[in-house]
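This report covers salt bridges, the overall fold, the domain interface and some backbone details. The sequence and structure come first.

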Amino acid sequence: MHSPIRTVIIGFGLVGRVFHAPLIRHTDGMTLKGVVSSRPDDVHRELPDIDVYASPDQAFRDPDVDLIVIASPNDTHTSLAMAALQAGKHVVIDKPVSLDGEELEHITACARHHDRVFSVFQNRRWDADFLTLKGLLEAGRLGEVTRCHLHFDRFRPEVRDRWRERPGPGSGAWYDLGSHLADQAVTLFGTPRGVYADLATLRPNGGAVDYFHVLLRYDHHRVVLSSHALSAHDGLRYAIDGTRASWIKHGIDTQEQTLRDGGTPGQPGWGEDPQRGVLYQGDTGESESIDNARGDYRAYYDNIVAHLQGEAELAVTPEQAREVMRVIDAAHESCATRCEVVLD
């Protein structure tokens, strides 16, 4: 029998409260020991049975803490991760991990030096529709992919007063939603040969990037990553064309909304996406509604537990995070220069 992994979350905003806390509390082999927050009453109102640390240093010094989950603003990730690793803690950082590739290399080197585990929370690898797409590709049902659109559109016309939507380091949709799509593209196809990007602020009174259109060039296919904050229709999620068939999927995985509504990971219907994609056969023109796989964000933390217990390879590795960050950095450079950035 292994002792449960005693975990502390830094930050109790949307990400820490809605995503990490419930997933950790409903993952076998983990226990949520505490939260670092300046609002202890707010934390205890929802989680009365955990510790609240007034500062990250208090959590780092606690010998009864095994794992630190960093769910604070993006521009704090690197300094907090380095301090936690130096204190001998394992670390999970919410995407996009850091502000650029140079910061990521410092974190990776620090984790290696202190022989600690470091991973990035890329939960949308366990979206129902993404798992469905992976299954179709692995089964060869689309043939060789020639074009792939990965979309994450929303309708949010009001600019909210929060750090993600204000000007500043690490804010904006490209760091937020773009890191999900870049990770999915790299997971499916590896690192692209080149990146061409248009990043913009299109909402009235907007202060951070709320639109992106990023083209990833591969040898024999192209991938488009796209998001817009003023898309009021039933948004396209995936559109993949291959030499045998195409698959089109609308709608978004249901797990985030379930968590926002106060649902419990693992409850009846958890991870089920009722909005099916359609597979179109190229030679016959016939169409087929495809059942979605079942998504489960807990699989990320299941893997963390198994890896720390020596029973599984790490699912989201620092090396994978590096390739995603290369795409993120290249998109910023491409937008600034209006040129394709070639990746070695």
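## Salt bridges

Lys-33 and Asp-62 form a salt bridge, with their closest N and O atoms 3.1 Å apart; the term stands for a side-chain nitrogen of Lys or Arg within 4 Å of a carboxyl oxygen of Asp or Glu. Lys-33 sits in strand E2 (residues 30–36) and Asp-62 in the loop between helix H3 (56–61) and strand E4 (67–70), so the pair ties together parts that are 29 residues apart in sequence. Over the whole structure, the search finds 33 salt bridges.

This is a predicted model, in which local features need pLDDT of at least 70 and side-chain atom pairs count only at pLDDT 80 or more, while totals for chains, interfaces and linings use all residues. Residues are numbered from 1 along each chain as its sequence is written, and side-chain values use heavy atoms, with hydrogens and water left out.

## Overall fold

The protein chain has 10 helices and 15 strands. These are DSSP runs numbered from the N terminus, helices being H or I with at least four residues and strands being E with at least two. The radius of gyration of the protein chain is 20 Å, close to the 20 Å that the globule rule gives for 344 residues, so the chain is as compact as a globular protein of that length. The radius is taken over C-alpha atoms, and the globule rule is 2.2 Å times the number of residues to the power 0.38. Along the principal axes, the C-alpha atoms fill a box of roughly 60 × 45 × 40 Å.

## Domains and their interface

The domain assignment gives domain 1 (5–121) and domain 2 (124–296 + 325–342); such bounds come from an automatic or database domain assignment. The centres of domain 1 and domain 2, taken over C-alpha atoms, are 26 Å apart. The contact (heavy atoms within 4.5 Å) takes 19 residues from domain 1 and 18 residues from domain 2. Between them the two domains bury about 1500 Å², 67% of it on carbon and sulfur atoms. Buried area here is the accessible area (1.4 Å probe) that two parts lose on being put together, summed over both.

The rule finds one salt bridge across the interface of domain 1 and domain 2. Lys-95 forms a salt bridge with Asp-176, the closest N and O atoms lying 2.4 Å apart. On the side of domain 1 that touches domain 2, helix H1 (14–25) and helix H5 (101–113) are the elements that give two or more residues. H1 supplies the largest share of that side, six residues.

Gly-101 lies in helix H5. In sequence Gly-101 and Arg-326 are 225 residues apart, yet their C-alpha atoms are 6.4 Å apart in space. Leaving aside residues up to four places away in sequence, Gly-101 touches Met-325 and Asp-329.

## Backbone details

Most residues other than glycine have a negative phi, and most peptide bonds are trans. The peptide bond from Lys-95 to Pro-96 is cis, with omega near 10°. Pro-96 is in the loop between strand E5 (90–94) and H5.

Asp-115, a residue other than glycine, has a positive phi, near 55°. Asp-115 is located in the loop between H5 and strand E6 (118–121).
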